[in-house]
Amino acid sequence: VTHPAPDAGVPLLGAVSLPQPPLLVPGLTGRPVAEVEELRQACLAALQRAAAGRPRRIVLIAGRPVDGPSGSRRPDEPPWSVQVGRALLDQAGLSQARLTTPSGAERDLDVVLVDGDTASEACRKLGRRIALGLKAGSRALLVVMADGSARRTLKAPGYLDERAEPFDASVTQALAAADWPALGGLDLALADELLSAGARPWLTFAAAMATITATGPADCSPRRHYADGPFGVWYPVFSYRRA
Amino acid sequence: MLRLRRHEFADDALLIMAIVNRTPDSFYDRGATFAFAEALDRVEEVVAAGAEIVDIGGVKAAPGDEVDVDEEIRRTVDFVAAVRDKHPNLVISVDTWRHEVGRAVCQAGADVLNDAWGGPDPELAEVAAEFGAGLVCTHAGGVPPRTRPHRISYDDVLADVLRRTVGLAERAAALGVPAEGILIDPGHDFGKNTWHSLEVTRRLAEMTAAGWPVLVSLSNKDFVGEALDLPVDQRLIGTLATTAVCAWLGAVVFRAHNVSETRQVLDMVAAIRGSEPPRRAVRGLA
């Protein structure tokens, strides 16, 4: 006889916003690098908090860059956003083997790719569709892979752009307040100029969260785990949990 | 795997054997560590700089004042015991061709006998077998210890190197020296002119393919000086270039004066080879 947990019927257990630098793929820094390990620990803490109730589904919202001057990638190779997301989920003990359907079968992540040229309304539509796909009992963990500007300093990958800091500050404020209209209202043209690989996934995520919280309990208790840019790229780490 | 008495090293390790001379007249340091205390300080220094092995020598290689067995023992044995006492995890090698010295230093705690003159005393390998010590089997072209090469010639220098070093290694193994502690050394400049030393360097892969771990002793030697026409105090860069080439071609142990510089070169080669990860790779990955 199994007794369902009190929150067994919820569509969403929690959510996280995680950055996606390749640095977080295990081994890619060579020996461990202190700044990267600090970021990793923050990501794992966020995942552990948001997934505390053993999710049955994990939905990974991840950007897919449009072809650019980024070397030659194999067409079947997942984008960094997905590689980093999977690596962090593995390290947090949330790999696919731990996910089960109500019937007990294993299931993989649901990966939702958001192309780098998607228009804002299409992002929001995609987010609403994700939300509507979560039924009572889904007990889903929503993971969005997104980071801010890559033009924060003179040594940043994209060199210094003075607009980077205010942009990142507004993103961070929206994430901290679980302010979905603000997060969903990011200026995609500005985000692209600032090399923010997170804007479209965030728009999608914001629409999903707004839809879910509009039809259920609105509280989702945000927590900031990290917000810094040690390499000139802005990495916010936030978790959300149903109170 | 390389095992030098109780010390074991992975197959892909690149090891530094730091030179510690208890001589008043060696060519590079000119007696700087002849005194006991200075030599002990030198050991501290090379260990801190990343050496896994020290090679203690009591007789300079070049011709000069006679150093008999008793004097060589006086210079090395107590010092080996002191180093053994202070550095239990350090591999201690002693550069000697004499079995009497070999026995005394093994009793004092030496792990390796560096027979740098190509085996003129056949009993040295028996001592290594008796103590289970490592043994370096070197090519010196058959010249007597402490002589300079004079108009020496080879049909094929590397063939002679291989024939003699592999022959010494196989003999040592047959005598009971632990096979995983036997190294071969082409003996740069020993019984060789500069052309010979450059050729054995260029063809070192043929030596590393022979199946025995290869030690090279390159540090500030005359073939570096003659290749670049530089005096002994200006040969570091040439030595390091040679070190990188030998490491790439498969040498395992590097006998060296300049330990921190050599460590950096070997770490870089290991990173290029892929046997060690970069210390910190973040460029382009943020």
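Modeller: In this predicted model, H7(A) gives the most to the lining of the largest pocket, supplying three residues. A pocket is an open set of points on a 1 Å grid over the protein atoms alone, where a 1.4 Å probe fits, with protein on both sides within 12 Å along at least five of seven lines, and its lining residues have an atom within 4 Å of a point. The volume of the largest pocket is about 1300 Å³, a volume being the space filled by probe spheres set on the points, which are joined across faces, edges and corners. Its lining comprises 42 residues, and those closest to the centre are Pro65(A), Ala150(A), Leu195(A), Ala197(A) and, from chain B, Ala286(B). Sorted by class, the lining has 22 nonpolar, 11 polar and nine charged residues, where Ala, Val, Leu, Ile, Met, Phe, Trp, Tyr, Cys and Pro count as nonpolar, Asp, Glu, Lys and Arg as charged, and the others, Gly among them, as polar.

As for how the two chains meet, nine residues of chain B are in contact (heavy atoms within 4.5 Å) with 13 residues of chain A. The buried area between them, meaning the accessible area (1.4 Å probe) that two parts lose on being put together, summed over both, is about 960 Å², with carbon and sulfur atoms giving 61% of it. Two salt bridges, each a side-chain nitrogen of Lys or Arg within 4 Å of a carboxyl oxygen of Asp or Glu, are found across this interface; one of them pairs Arg31(A) with Glu276(B), whose closest N and O atoms are 3.7 Å apart. On the side of chain B that touches chain A, six residues are nonpolar, none polar and three charged.

As to conventions, residues are numbered from 1 along each chain as its sequence is written, while chains are lettered from A and ligands numbered from 1 in the order in which they are written. Local features need pLDDT of at least 70 and side-chain atom pairs count only at pLDDT 80 or more, totals for chains, interfaces and linings use all residues, and side-chain values use heavy atoms, with hydrogens and water left out.

Key. Helices (H or I, at least four residues) and strands (E, at least two) are DSSP runs, numbered from the N terminus.
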